[in-house]
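The structure is shown first, and the notes follow.

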Amino acid sequence: MNKKLSTMVLSLCMASAASAQAPQLNAHNIDQVLQAMTLEEKAQMLVGGGNDGFVGSGSMLGHQKKLVAGAAGITVAIPRLGILATVVCDGPAGVHIDAHRQGTTQTFFATGFPVGTCLACTWNTDLVEQVGRCEGNETLEYGCDVILGPGMNLHRNPLCGRNFEYYSEDPIVTGMIGTAMVRGIQSQGVGVSMKHFAVNSQESDRTRVDERVSQRALRELYLRGFEMAVREAKPWTIMSSYNKINGVYAQGNHDLLTKVLRDDWGFNGIVMTDWIGKRADLPVAEEVHAGNDLLMPGYPAQAEDIVKAVKEGKLDIKDVDRNVRRMLEYIVKTPRFRKYAFSNKPDLKAHAQVTRQTSTEGMVLLKNGDINGKAVLPMEGIKRVALFGVNSYDFMSGGLGSGCVNVPYVVDMVDGLKNAGVSTTPQLTDIYTKYVAYAKSKLKADKNPWMWFLDQGQPKLDEIDITQRCVEHEAPEADAAIITIGRQAGEGMDRNIEGEFNLTEQEKQMISRVSSVFHQQGKPVIVVINSGSVMETASWRSLVDGILVAWQPGEEGGNAVADVLTGKANPSGHLTMTWPITATDVPSTANFPSQPDYYGLTDALYDHRVKGVNYTDHDEDIYVGYRYFDSFGKPVAYPFGYGLSYTTFSMSGFSAKADKQGVTVKVTVKNTGSRAGKQVAQVYVTAPKGGEEKPVKELKTFAKTRMLKPGESQTLTMSVPRRLLTSFDEAGSQWKGEAGDYTFMVGDNVEHILGKATVKLGAYTEKVSEALKPQVKLSLLRK
């Protein structure tokens, strides 16, 4: 044996002996494993495996294949220490992985659940938790360890393209619904990554925009939902957002990720970045120091930067060790580390039933007029309808981008109505069906550079012209007309006012012509809104008889809509966001852009400083959503909390009583109508005047009844912690509750209050970290 070969054999033997002696990771020896790691291995642990990621096999450039096809990313494995790679998948509305894989005919579809707005509009935390259990089960059975969701950002403005993933304009709704979702998912032994932390209020220029916002608005609105879920549901992970907050990138923001998240709230999981990679203007050392434990999707250069920064004294090894310890604590909890034998066969049929029930309960009935002296809905005696609108035939189950799901099917309106015993007029159905097939084939042939991204979901097909002659032909053959108005949005794309928030000219003409002709024959016209977000209704709602907001309700959409229209299900959804009369009525619209954050644009195209693009001033401050419209007396199309039912309810016996924890409120809800149904009790509070200007009233808790039969009652009991009855005092860096009389109100929307009670409370203060102070002066909106 020559000398060179002998040396190689000796090196291999020594490496093998070292590996044999190295501790193997388990839940009880994390400190020992950490001590045994080299600096290079520690750096690898803090950087994701990339789209074709790398693993720590002693080389910073080792590679491995994806563990789950279509998953969003992986963490790095270090085999010599028994550290396994873990898998994270996208999924605010369900598990996002590839449905088809090479080498097998098996499919890997996931259930398309209702989007975030639809889930939140159920106001039913038990039902949302059940959806979470289903999502968690599919995450587990498809071999993933963490699902990237729920989305917990606020609806600051109705034009945000990603509002469909988020729950509400209100932080309490966001916190309570988000907490339920986290609990449900994590009950299955997998983790969540709540996102996007924080103030990801727009998609335009999202990777670099500076969200300039007061400390008070941050604490009371944009952070509070996250805080509630962190304290109550213990999420495994949180995702730091792309944007800056008051001049500092969220992923490198020590105030946000350490002072607020860990010191104030007690978070003990890991923080991962959103999928940005290496930033030219943010040193990796700053991200690690700030408390970002995992840089995603991860590239070898980032690990090399960590090693270099430590060696040059620019990064404290204590920060590295702290983050690595958190990563190891996360890894030992995962199914993959526990060697769970995932099946790749979750019970999709059972989960489809859950999504159908949930979506019906989240749909919101906005209008139910009379025609011929009778309520339009539920449809009775209607056997055939004329079905207008492209999205009746290409019903959208969810939004675009990483928040979509590769579903096994989507039930459209034609099949949903057919399954409910209602047919559609043949000629109109034939026209639309052929057009949809043509439009989809044309879209696939389109060379648009966005096409790869639009494939993540169902792009909106162009509407077609509906002539007067067409409508006149259909009316005699149908008992009613149903028009579906569709809207699509997604990651990286904010919405425009014209043609997206507002109706297009084609849609206006369609509604006008259909309503005129059908009403002349005494037949009703019903509009179904198939959109994940708010749209304009005030200019056309008087022309139609019924309006049902179906949202993007998941794969069972058509069946769920038919359940509500025919009365099989009684709508009980209530809006979790204000529907304004016009988009410009929302004060933040003045500081809201409509410029897509196109991938691949050079920095040169961003050298201008355009208000609302490179930076966004939150001049509306705390007056987001109903807090603005209610406090300033501005009219709206539909108020926050609004929703109709096929039955009626009363609320009585409302009481509020102080206790050691805060205030306990009770109300008795009675079904006073003729159909079984559910009702939401929304509790608002007016605080005494103090040093801080306050909204007229703010939601503080809510509850939903079980299904009540006609004449049946249920007493709901809700608790409001004292710390939620406070405002944020910026000067003192504290939560401050004034001593005095607090007025508690209960109603079924913010404008419809049915009971009041007054409680006298003592003063309350709670000190927190001084953090996230704006670097510029904001022109804050005040009454």
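The model is predicted.

**Arg162 and Glu203**

- The side chains of Arg162 and Glu203 form a salt bridge, with an N to O distance of 4.0 Å.
- This pair joins distant parts of the chain, its members being 41 residues apart: Arg162 belongs to the loop between β3 (146–148) and α6 (171–186), and Glu203 to the loop between β4 (191–197) and β5 (210–212).
- Arg162 counts as buried because its relative accessibility is 1%, below the 20% cut-off.
- Glu203 is likewise classed as buried, at 0% relative accessibility.
- A network of salt bridges links Arg162 and Glu203 with Glu165, Arg206 and Glu491.

**Asp293 and Arg326**

- Asp293 and Arg326 meet through their side chains in a salt bridge of 3.0 Å, N to O.
- Here too distant parts of the chain are linked, across 33 residues: Asp293 lies in the loop between α10 (284–290) and α11 (300–311), whereas Arg326 lies in helix α12 (residues 317–331).
- Asp293 has 0% relative accessibility and therefore counts as buried.
- Arg326, at 13% relative accessibility, also counts as buried.

**Lys374 and Glu380**

- A salt bridge of 3.4 Å, N to O, connects the side chains of Lys374 and Glu380.
- Lys374 is partly exposed, its relative accessible area being 43%.
- Glu380 counts as partly exposed at 42% relative accessibility.

**Helix α5: length and ends**

- Helix α5 (residues 125–141) has 17 residues, which at 1.5 Å a residue should span 24 Å; the end C-alpha atoms are 24 Å apart, in agreement with that expectation.
- At the start of α5, the backbone nitrogen of Asp126 has a side-chain oxygen of Asn124 within 3.2 Å.
- Just after α5, Gly143 adopts a positive phi of about 80°.

**Helix α5: burial**

- Because 12 of its 17 residues are buried, α5 is largely enclosed by the rest of the structure.
- Among the buried residues of α5 are Leu127, Val128, Val131 and Leu140.
- The elements covering the buried residues of α5 include β2 (87–90), α4 (116–120), β3, α6 and α13 (348–362).

Conventions
Residues numbered from 1 in each chain as written. Predicted model: local features only at pLDDT ≥ 70, side-chain atom pairs only at ≥ 80, totals over all residues. Heavy atoms only, no water. Helix = DSSP H or I, 4+ residues; strand = E, 2+ residues; numbered from the N terminus. Buried < 20%, exposed > 50% of the residue type's maximum accessible area, 1.4 Å probe, protein only. Expected span 1.5 Å × (residues − 1). Contact = heavy atoms within 4.5 Å. Polar contact = N/O pair within 3.5 Å; in protein donor to acceptor, adjacent residues only side chain to side chain.
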